[in-house]
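Subject: structure handover

Hi,

Here is the structure I promised to pass on. My notes on what turned up in it follow below the files.

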Amino acid sequence: MGGDDGREWREQQRRAVRAHGAADARQRAAEQAEAAELVARFAAEALRRGLRTDRLTAAGYDGRGRYRTRITGWYVDRARSRAVDTEGRFYLLTVPPSVRARLFGADPEPVPPPLVVGRGGRDGESVPLATLLSLRLEAGDDWR
């Protein structure tokens, strides 16, 4: 194997890695768009049904304490760690603990929703986002 063969092989490997990375990015973008559409439809349907909204709270990363937020919407899991606001944005309700957040409230940012909630988690429990949102809608105001 000459020097040219080695360079050619390395260049083929680089192209393959770039192609795989680009394909993965396209798949992630498509999944995020699909999940965002599910969340937007959930919010519209929840508003149409008149589901009671809550002023959401966020937990500290350390698991101690809850912090007020300015977000109004619906918790979509029993742990109150995921929510959708009335505008159809998805939130993970964990924030860094701080005295400022304790006094003035926390401001979690919306995040791209996953198509499968809990995928890759340590407990092995995952659920499709569509199922989670459907269960939340079916529960109505009895969700607690």
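Let me start in helix α1, where Glu45 and Arg48 sit three residues apart, about one turn of the helix. (Helices are DSSP runs of H or I with at least four residues, strands are runs of E with at least two, and both are numbered from the N terminus.) The two form a salt bridge, with the closest N and O atoms 2.6 Å apart; the term stands for a side-chain nitrogen of Lys or Arg within 4 Å of a carboxyl oxygen of Asp or Glu. Glu45 also meets Arg49 in a salt bridge, at 2.8 Å from N to O. Arg49 and Glu45 are about one helical turn apart, because four residues separate them in helix α1. Arg48 is exposed, at 61% relative accessible area, and Arg49 is partly exposed, at 44%. For these labels, buried is under 20% relative accessible area, exposed is over 50% and partly exposed is in between, with a 1.4 Å probe and protein chains only.

Before the rest, some housekeeping. This is a predicted model, so local features need pLDDT of at least 70 and side-chain atom pairs count only at pLDDT 80 or more, while totals for chains, interfaces and linings use all residues. Residues are numbered from 1 along each chain as its sequence is written, and side-chain values use heavy atoms, with hydrogens and water left out.

Back to the charges. The search of the whole structure gives nine salt bridges. Glu11, Arg14, Arg15 and Arg18 are tied together in a network of them. Another salt bridge joins the side chains of Asp107 and Arg70, at 2.4 Å from N to O. Asp107 counts as partly exposed at 48%, and Arg70 as exposed at 52%.

Now the inside. The largest nonpolar core has 17 residues, and those with the most contacts inside it are Phe42, Val76, Val84, Leu129 and Leu133. Such a core is a set of buried Ala, Val, Leu, Ile, Met, Phe, Trp, Tyr and Cys residues joined through side-chain atoms within 4.5 Å. Two or more residues come from each of α1 (3-49) and α3 (129-139), and α1 gives the most, with six. Apart from this core lies another, of 12 residues, among them Ala58, Leu93, Ala101 and Trp143. As for Phe42, leaving out residues up to four places away in sequence, Trp74, Val76, Val84, Leu133, Arg136 and Leu137 touch it; contact here means heavy atoms within 4.5 Å.

Two aspartates are buried. Asp85, in strand β3, has a relative accessible area of 2%. Its side chain makes polar contacts with those of Arg89, at 2.8 Å, and Tyr91, at 3.1 Å. (A polar contact is a pair of N or O atoms within 3.5 Å; within protein, one must be able to donate a hydrogen and the other to accept it, and residues adjacent in sequence count only if both atoms are side-chain atoms.) With the sequence neighbours up to four places away left out, Asp85 touches Ala43, Ile71, Thr72, Gly73, Trp74 and Tyr91. Asp77, in the loop between β2 (66-75) and β3 (82-85), is buried at 8%. Its side chain has a polar contact of 3.0 Å with the side chain of Arg82, and under that sequence cut-off Asp77 touches Arg82 and Trp143.

Phi of Arg80 is near 60°, a positive value in a residue other than glycine. Most residues other than glycine have a negative phi. Arg80 is partly exposed, at 30%.

Finally, Asp62 is in the loop between β1 (54-60) and β2, and counts as partly exposed at 40%. A polar atom of its side chain lies 2.9 Å from the backbone nitrogen of Arg64. The C-alpha atoms of Asp62 and Pro96 are 7.9 Å apart, with the two residues 34 places apart along the chain.

Cheers
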